[in-house]
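Hello,

Here is the structure I promised to pass on to you.

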Amino acid sequence: MTGRRPIRSTPPGGPRGRSRATRTGALTAGALVACAALAAGCGVVPGATGGSGDDGPITVMTWAPQDTGATNKPGMPALAQAYARSVNAQGGLGGRELRVLTCNDHNDSVTAAKCARRAVKEDVVAVVGSYSQHADSFFPVLEGARIPYIGGYGLTNTEFTSPLSYPVNGGQPALLAGLGRALADSCGPVTLVRPDTIAGDQLAPLLDSGLVSGGHERSHDQRAAEDATAYDDQVGQALAREGGGGEPGCVVPVLGDRTGTFMDSFRRAREDHPGVRTATVLGSVDQTTVNASGGASGPYEGAYVTGWYPAVGDPAWDGLKELIKEQAFGDNDVDAADAGVQTTWIAYTVFKQVVESLGDGEVSADTVRRALDDGLEVGTGGLTPDLRWTFADKLASVGFPRLVNAEVTLQVVREGRLVSAREGAVDTTGTLGDADVV
């Protein structure tokens, strides 16, 4: 790998129109190795080792929390390894082997930084399709080594400010702004139940931006432990706000994997408040959690859920489903309906096109970053608008200079199934433009 050039801050361009053509991505190899020296739970797809010269392997990393008491995303590194197996079986990326490292950040800031240092040590050309709420720990490490971060989950505001970040979705900002706008016309008091964490502190202003844009009062911001085993107290506080006799309210739990735990408590306590509705964002609920909660007779029935991408039944996901069938069949961690798996698929779709744009040239962190900064436009087969990170961006003035895709889809639980609530996507750019986010 060549020496790294100085970072150039490049606020991205606005989203473009959405096509519906289905893109079938080609994909790569995986198996685990221990990285006990860093105690960071890393793995690596085997093969030739070494740097990323013209004929050597192209090394990337994907990280996510696993086996923790809070939110876990094991499907993201598992999908990355399946992608590697498929790509390498077909001759690699431009004839070069794709070497995928994985790392478990354990939902811990120290371990997240260790994952980033592992990426630097292994000379990765990019971190691709990853999830971590500890941006303040890992981004300084990546920025110091000039390593691009492609297709993070969008969990923290730093992912939309760092010049080394290339997000493929609008993250929590777009999801919550879109959800707030959808609830403004149909809810009385709105209570947001969210993790008592730094990342959680950013959620209420985003939800409020959508509520206020629809003429609704701001939400009640209710903190909760992200690893609790029951949420009876939080449910009681939320439902206590429904005693005014006005329009029934909405309770919005955004607790990641613990959202299901909250809903167990909510189900038991809501009998005296039958009109209260629930709403949340994809990533905190999916079809599996709806089924587990009772389907059509459960507390999610009628709930709005915002997501970044088309519903899983859309033909644009056929490439991902084929990959899972061929390379991850029987791996329960890899679910085509999981937002983390979907984001990882799109992130690797972006990375593949970046590598292809370099032709026979060197693939390094420098060349990958320059290709993205120089205005390469990437299509995702209709899963997102065409993506391009340029200098002109509508959301730079409100603190999101890297947010290039502000579209969200609105789904609803109807007869126990998550279905589209409206055709197409909703652009939240205008709503986010009024968000009061520090």
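Let me start with the aromatic rings: Tyr131, Tyr153, Trp308, Tyr309 and Trp317 are joined into a cluster by ring pairs. A pair here means rings of Phe, Tyr or Trp (its six-membered ring) with centres within 6.5 Å; planes under 30 degrees apart are called stacked, over 60 edge-to-face, and the rest tilted.

Before going further, a word on the basis: this is a predicted model, in which local features need pLDDT of at least 70 and side-chain atom pairs count only at pLDDT 80 or more, while totals for chains, interfaces and linings use all residues. Residues are numbered from 1 along each chain as its sequence is written, and side-chain values use heavy atoms, with hydrogens and water left out.

**Aromatic pairs**

Searching the whole structure gives 15 aromatic pairs. The one between Tyr231 and Phe262 is tilted, because the ring centres are 6.0 Å apart and the planes meet at 55°. Tyr231 sits in the loop between strand E8 (220-224) and helix H7 (232-240), and Phe262 in helix H8 (residues 259-269), so this pair ties together parts that are 31 residues apart in sequence. Helices (H or I, at least four residues) and strands (E, at least two) are DSSP runs numbered from the N terminus. Tyr231 and Phe262 are both buried, where buried means under 20% relative accessible area, exposed over 50%, and partly exposed in between (1.4 Å probe, protein chains only).

Tyr309 is buried at 1% relative accessibility, and Trp317 is buried at 0%.

**Disulfides**

How many disulfides are there? The count is two, taking a disulfide as a pair of cysteine sulfur atoms within 2.5 Å. Cys103 and Cys115 have their sulfur atoms 2.2 Å apart, and the torsion about their S-S bond is about -85°, so this disulfide is left-handed. Cys103 belongs to strand E3 (residues 98-104) and Cys115 to helix H2 (residues 109-121), so the link ties together parts twelve residues apart in sequence. Both Cys103 and Cys115 are buried.

In the disulfide of Cys187 and Cys250, the sulfur atoms are 1.8 Å apart. This link of Cys187 and Cys250 is left-handed, with -75° about the S-S bond. Cys187 is in the loop between helix H4 (171-183) and strand E7 (190-195), and Cys250 is in strand E9 (residues 250-253), so they tie together parts 63 residues apart in sequence. Cys187 and Cys250 are both buried.

**Backbone**

Most residues other than glycine have a negative phi. Asp123, in the loop between H2 and strand E4 (126-128), has a positive phi near 60° and is partly exposed at 23% relative accessible area. Arg146 also has a positive phi, of about 60°; Arg146 lies in the loop between helix H3 (135-145) and strand E5 (149-150).

Happy browsing, and do write back with any questions!

Best wishes
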